[in-house]
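Here is a short briefing for a reader new to this structure. Please have the sequence and the 3D view open as you read.

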Amino acid sequence: MYGVRFVPRTARADRATAIVSKFRIFSYLPNPRVWKATIAGRLGGVDIEIVGDRPKALADWLWDFDARPLADAERRADSPHARPARRGFGATLYKTDAFLEAHPFGTVPAAFDSSGTVGIFESNSILRAVARAGNADLYGRTPLEASRIDSFLDSGLVFAREAQVYLLALQARDVSTELLARMRDAYGFYMAGIDAAVAHAPAGLVGGGLSIADIAFVCDLAQFRREHRFHGWLTEQGQEPVIQPGAYAHALAHFRRLLAQPAIAADLADYVNGTTS
Ligand SMILES: N[C@@H](CCC(=O)N[C@@H](CS)C(=O)NCC(=O)O)C(=O)O
């Protein structure tokens, strides 16, 4: 599945409804940020093509609408595509000018419209784009509902950015006390809000049913729960993990309810159960 183009099972297989749109997403894989879009696509009848490879291998790809693995001879410091990596990747990445025009921040997941000319970046915005293209009412039934969904997506992004810095620091085994304290605060703030919101709305954060607010939440939290892989190391450092069992019971119950939904489990179950790395 990795290192090749593949199209996940989406509406084409799951629903009899017409395919209403198509996006291509380039990313390292597996990636819960990409699954925000594939879950929404599966539910809403939107065909999405995923192109990518394992995180380390992606440094050897040409980042482009027509992304592809580079031959050894093409990976040179004087390549016109060579750019310094900025977040989550070491050293050099190979990005075309067209990629950077479509994706000025140069990040993955990088979504494109089917023509490859329009780039959509930030996983929450890719999620919004897929929801808008679909037919499952995932982005609110009124402008006010859509705005409330945006509120959850924005709060989630603040949490997810802190989580990204922390998880990368954990991977590098370089977590300062200050960073840990900041992450504890960000996690507590975010989870307290979700906990309060779902306490009386167990069917979904907004509008009494599943929306992209729930999809972003389940994917971002699934990614953050990878913290457990570093419990041994944190303990050796004399530190407590950020995620404590039993806290934010309503939010965690919502997380489990969402994971039980087949359209969500299709992407997340193996990842959360630890059978996908
Ligand atoms: N908040 C963004 C995060 C995207 C991001 O930071 N991607 C990093 C990898 S985790 C990247 O593409 N870095 C490219 C670089 O280092 O140039 C999202 O949800 O899409």
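The points below cover the ligand site, a sheet, a helix contact and some backbone details.

This is a predicted model.

**The ligand and its shell**

**Polar atoms at the ligand**
- In the side chain of Lys95, an N or O atom is 2.7 Å from an oxygen atom of the ligand.
- Val108 uses its backbone: an N or O atom there lies 2.7 Å from a ligand oxygen atom.
- Glu122 places a polar side-chain atom 2.8 Å from a nitrogen atom of the ligand.
- On its own, the ligand has 520 Å² of accessible area, and the protein covers 94% of it.

**A four-stranded sheet**
- Four strands make up an open sheet with mixed pairing. Their order is β5-β4-β7-β6.
- At the edges are β5 (68–69) and β6 (82–84), and each pairs on one side only.
- Strand β4 (residues 61–63) runs parallel to β7, and two bridges join them.
- Trp63 stands opposite Lys95 in β7.

- Arg182 belongs to helix α7 (residues 177–199).
- The side chain of Arg182 makes a polar contact of 2.7 Å with the side chain of Glu162.
- Arg182 and Ala163 are 19 residues apart along the chain, and their C-alpha atoms are separated by 9.9 Å.

**Backbone details in loops**
- Leu29 and Pro30 are joined by a cis peptide bond, with omega about -5°. Pro30 is in the loop between β2 (22–28) and α2 (32–44).
- Another cis peptide bond runs from Val108 to Pro109, with omega near 5°. Pro109 is in the loop between α4 (97–102) and β8 (110–113). Val108 is the residue whose backbone atom lies 2.7 Å from a ligand oxygen.
- Asp137 is not a glycine, yet its phi is positive, near 55°. Asp137 sits in the loop between α5 (123–133) and α6.

Note on methods:
Residues are numbered from 1 along each chain as its sequence is written. This is a predicted model: local features need pLDDT of at least 70, side-chain atom pairs count only at pLDDT 80 or more; totals for chains, interfaces and linings use all residues. Side-chain values use heavy atoms; hydrogens and water are left out. A polar contact is a pair of N or O atoms within 3.5 Å; within protein, one must be able to donate a hydrogen and the other to accept it, and residues adjacent in sequence count only if both atoms are side-chain atoms. Accessible areas come from the Shrake-Rupley method with a 1.4 Å probe; for residues, only the protein chains shown count as cover. Two strands pair if DSSP finds at least two bridges between them.
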